[in-house]
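Here is a quick walk through one protein chain, from its overall build down to a few single residues. Have the model open alongside and follow along.

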Amino acid sequence: MSAVSPLARLDGVLHHLGLAPPQPPAGVASAAERGEILAGLLQPQAALSPKYFYDQRGSELFEAITRLPEYYPTRTERALLRRHGHAIAQAVGPARVVIEPGAGNCDKARELCALVRATHFVGVDISADYLRDAIARLRVALPGLHARAVGADITRGVHLPPDVPGARRLVFYPGSSIGNFDPPQALALLRHMRELALDDGGLLIGFDLPKDVAVLEAAYDDAAGVTAAFNRNALAHVNRLVGSDFVPAQWRHRAFFNPHASRIEMHLEAAGPQRVRWPGGGRDFAAGERIHTENSYKYPLPDFTALLHDAGFTRTQAWTDDRGWFAMVHAQA
Ligand code: AVI
């Protein structure tokens, strides 16, 4: 019997689940993106922004993560939305213009738009192609809804098309995506959301709470290796973007809780010495050297409420699950 590598086996599983195989070369980075990626890789502690996880394959791998038994945030948040739907709808008010940065597959948007009887939906995401398919499905599910996709990077500021209604806006930011930004960046992003909401709008946001370390670490290092594949896929994406020659299989997935910063950290660790080249430069990595690929902050509820107030929101109302693992907050502009 011929040996099958764990990565090849994982690809087989992903294929079986209807997920995309590794993509052929396509797309190059803009000058700004290239500069950002290379500057990060050349830092003494190499780093890569987590936004480079999300090419087509990365978005699909993330969707697979949300269905893993160890990854509790998505299902806990969905249960919260269902259990407290009535109270959330009352806090939010009816006939909203829902704006979702990082909308992904729009699954949660469908539930929320139905719940608050939204008139309009604007999904904003870097992976615009992926988003367009999701918006098409949303239009079929909610025929009365004016739904559209905007391809944009929320960290660079979103300019909405001029015909998006300016009244009764609700910015929806579920999934604890806010946790992937360092606190000062998170504050800047919340301020931007406060601007998008205008003066009679609000924000409905989901975020992950601190909890048992074993639960947290399992959620980011699952037994099937899907999170490891998601982490490594960032290198394949970067290869296409900047023409580098990373060999993803030579990098180990590392995920651990950093209690001082109250965050999960994800890294890629060189399995052996690596010489990585790209047009015009490169870097040698020693065995064991790491590339920091993601932080996922876990905020206690009072700390997050304080952040919302700093960002210019006023009244807040929160809902949490019985285990106290995840929170949803509605914040009035
Ligand atoms: C998108 N974001 C909220 C996820 C998280 O939990 O921080 C990304 C993720 N990384 C590994 N697993 C999931």
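Predicted model: local features only at pLDDT ≥ 70, side-chain atom pairs only at ≥ 80, totals over all residues.

The expected span of a helix is 1.5 Å times one less than its number of residues.

**The chain as a whole**

How many helices and strands does the protein chain have? Its secondary structure comes to 11 helices and 12 strands. For 333 residues, a compact globule would have a radius of gyration near 20 Å, and the protein chain has 20 Å, so the two agree. Laid along its principal axes, the C-alpha trace spans about 55 × 40 × 40 Å.

Of the 333 residues, 52% are buried. If you take the contacts between residues at least 6 apart in sequence, 69% of them join residues at least 24 apart.

Start with H10, which covers residues 226–242. Its 17 residues should span 24 Å at 1.5 Å a residue, and the end C-alpha atoms are 25 Å apart, which agrees. Is H10 mostly enclosed or mostly open? Because 16 of its 17 residues are buried, H10 is largely enclosed by the rest of the structure.

H8 takes up residues 183–197, 15 residues in total. From first C-alpha to last, H8 reaches 21 Å, close to the 21 Å expected. Its buried residues include Leu187, Leu190, His192, Met193 and Arg194. What covers them? Among the elements covering the buried residues of H8 are strands S1 (97–101), S4 (169–173) and S5 (202–208), along with helix H11 (301–310). Just past the end of H8, Leu198 has a positive phi of about 55 degrees.

**Two serines with positive phi**

Next, a pair of loop residues. Ser176 has a positive phi despite being a residue other than glycine, and Ser262 is not a glycine either, yet its phi is positive too. Ser176 belongs to the loop between S4 and H8, while Ser262 is in the loop between strand S6 (251–258) and strand S7 (263–270). Here are their values:

| Residue | Phi | Relative accessible area |
|---|---|---|
| Ser176 | near 65 degrees | 6% |
| Ser262 | about 50 degrees | 18% |

Buried means under 20% relative accessible area, so Ser262 counts as buried at 18%. Ser176, at 6%, is buried as well.

**A buried isoleucine**

Finally, look at Ile291 in strand S10 (residues 290–297). Is Ile291 buried or exposed? With a relative accessible area of 0%, Ile291 is buried. Which residues is Ile291 in contact with, leaving aside neighbours within four places in sequence? The list includes Leu41, Gln45, Ala46, Ala47 and Leu48, and also Leu235, Phe246, Trp251 and Phe285. Met266, His267 and Leu268 are in contact with Ile291 too. Ser262, by comparison, is 29 residues away from Ile291 along the chain, and their C-alpha atoms are separated by 20 Å.

Methods: Residues numbered from 1 in each chain as written. Heavy atoms only, no water. Helix = DSSP H or I, 4+ residues; strand = E, 2+ residues; numbered from the N terminus. Rg over C-alpha atoms; globule rule 2.2 N^0.38 Å. Buried < 20%, exposed > 50% of the residue type's maximum accessible area, 1.4 Å probe, protein only. Contact = heavy atoms within 4.5 Å.
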